[in-house]
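Have a look at it first, and then we'll go through it piece by piece.

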Amino acid sequence: MRSWTAVGIVLVLACQPSAADHEELGDRWYASGAYRDALAEFQLGLKVHAEDPDLEAKLGAAALHVGDYGTAVDAYIALGDRDRSRASEAADGLERTARAALAASDHSDAARGLAGLHALAPTRPLGRFARLAALDAAERGDTAAAMALLPAAAAAAGDPRIADSLLYVYGMVAVRARACSTAVPVFEGVIRRQREPAVGDGAREGLGLCALVEGQRLLAAGKPTEAEDWFRRATAPGAPAAVVRGAFLGLGDVKLAQGDVAGALESYQQALAGGTPGDTLTQRAQEKINALGKADAPSPAQPPQP
């Protein structure tokens with residue numbers, strides 16, 4: 001019985017198509033213009049042999065023909081990663097895919113394609129397509145794609161004012177990613193160049209927000225002295241009112257950590273300025289003020305012992 005079972009298993013395995021069989025079938029379908037059937041065969045081939053760069057290249061081409069831009073992007077990125085000697089071929093495929101995706105208003109896959117292209121060929125000019133895809137990625141909250149594309153889009157911009165506008169967006173995306181070491185010099189450069197007043201004002205707001213984020217990070221890491229410098233930067237002119245109030249809340253926590261109760265109370269009271277009853281910052285500041293009041297209150301008299 002065992003020998004017959006073993007023979008059956010061997011026969012079943014022998015009848016299963018190999019990656020080469022799927023590739024050959026896919027090539028036939030592709031040559032006849034049946035791109036969707038070719039796509040299915042190339043995908044089956046990759047299930048059998050998952051790291052075949054030839055299959056990845058063919059899968060990308062078939063996917064591009066049928067408008068499956070997400071699959072095409074994945075295939076060309078995999079091609080470039082698995083065979084660095086074919087990085088230029090993969091970059092060409094990603095550029096074709098990104099252009100087609102943008103034409104079809106598939107901005108998500110266009111952004112992914114351009115980000116992959118920039119990773120494989122950093123010196124290749126991306127032109128106006130990078131700007132469109134970068135701004136779309138930023139709007140959708142795709143931080144990784146936006147941060148990969150925005151510097152290239154700014155470099156390709158012919159107008160210095162547009163370049164600074166794109167750099168401002170880059171800085172704000174970096175703030176969202178809590179990458180203040182990237183955002184701060186970007187904002188400072190935009191402010192220094194003064195090419196566009198509205199963008200400069202936005203950069204000042206971004207700089208204040210980033211200072212607040214960095215101060216909060218350092219305070220949470222147990223570094224109140226370093227945090228204090230950042231919180232004070234967040235109170236500079238041009239910072240949004242909510243950022244300034246948040247910075248004073250942080251300064252109160254710094255003072256409290258340093259044992260300066262009076263300084264902490266003064267900072268918490270400044271955090272109340274400009275707030276409205278019930279807003280989050282007002283509630284937090286009032287809670288901290290109340291807690292300090294209770295800490296300073298004399299202990300109730302103990303009842304006499306019988």
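A residue is called buried when its relative accessible area is under 20%. With that in hand, take helix α15: its buried residues are Gly263, Ala264, Ser267, Tyr268 and Ala271. Looking down the axis of α15, you'd find these buried residues within an arc of 135°, so they line one face of the helix. After α15 comes Gly274, with a positive phi near 80°.

Now for the whole chain. Keep in mind that this is a predicted model. The chain has 16 helices and zero strands. Its length is 306 residues, and 42% of them count as buried. Among contacts between residues at least 6 apart in sequence, 49% join residues at least 24 apart.

How confident is the predictor? The mean pLDDT is 84, and 89% of the residues reach 70 or more. Residues 1–15 have pLDDT below 50, and beyond near neighbours in sequence this stretch makes zero contacts in the model. Residues 295–304 are also below 50, with one contact beyond near neighbours in sequence. Where pLDDT is low, the predicted coordinates should not be read in detail.

Next, the inside. The largest nonpolar core has 50 residues, and those with the most contacts inside it are Leu114, Leu117, Leu126, Leu149 and Leu150. Helices that each supply at least two residues of this core include α3 (35–48), α6 (87–103), α7 (107–120) and α10 (160–176). Apart from this core lies another, of 36 residues, among them Ala179, Cys180, Trp230 and Val254.

| Helix | Residues | End-to-end C-alpha distance | Expected span |
|---|---|---|---|
| α15 | twelve residues | 17 Å | 16 Å |

The buried residues of α7 are Asp109, Ala110, Ala111, Gly113, Leu114, Ala115, Gly116, Leu117 and Leu120.

Which residues does Leu94 touch, leaving aside its neighbours within four places in sequence? The list is Val73, Tyr76, Ile77, Gly113, Gly116, Leu117 and Leu120. Leu94 itself lies in helix α6, and it counts as buried because its relative accessibility is 0%. Tyr76 sits 18 residues away from Leu94 along the chain, yet their C-alpha atoms are separated by 6.2 Å.

Leu126 is another one to click on. With neighbours within four places in sequence left out, Leu126 is in contact with Leu114, Leu117, His118, Leu149 and Ala152.

Finally, hop over to Thr282, which belongs to helix α16 (residues 280–296). Is Thr282 buried or exposed? Its relative accessible area is 13%, so Thr282 is buried. Setting aside neighbours within four places in sequence, Thr282 is in contact with Arg245, Leu272, Gly275 and Thr276.

Notes: Residues are numbered from 1 along each chain as its sequence is written. This is a predicted model: local features need pLDDT of at least 70, side-chain atom pairs count only at pLDDT 80 or more; totals for chains, interfaces and linings use all residues. Side-chain values use heavy atoms; hydrogens and water are left out. Helices (H or I, at least four residues) and strands (E, at least two) are DSSP runs, numbered from the N terminus. Buried means under 20% relative accessible area, exposed over 50%, partly exposed in between (1.4 Å probe, protein chains only). Contact means heavy atoms within 4.5 Å. The expected span of a helix is 1.5 Å times one less than its number of residues. The arc is that of the directions from the helix axis to the C-beta atoms. pLDDT is the predictor's confidence in each residue, from 0 to 100. A nonpolar core is a set of buried Ala, Val, Leu, Ile, Met, Phe, Trp, Tyr and Cys residues joined through side-chain atoms within 4.5 Å.
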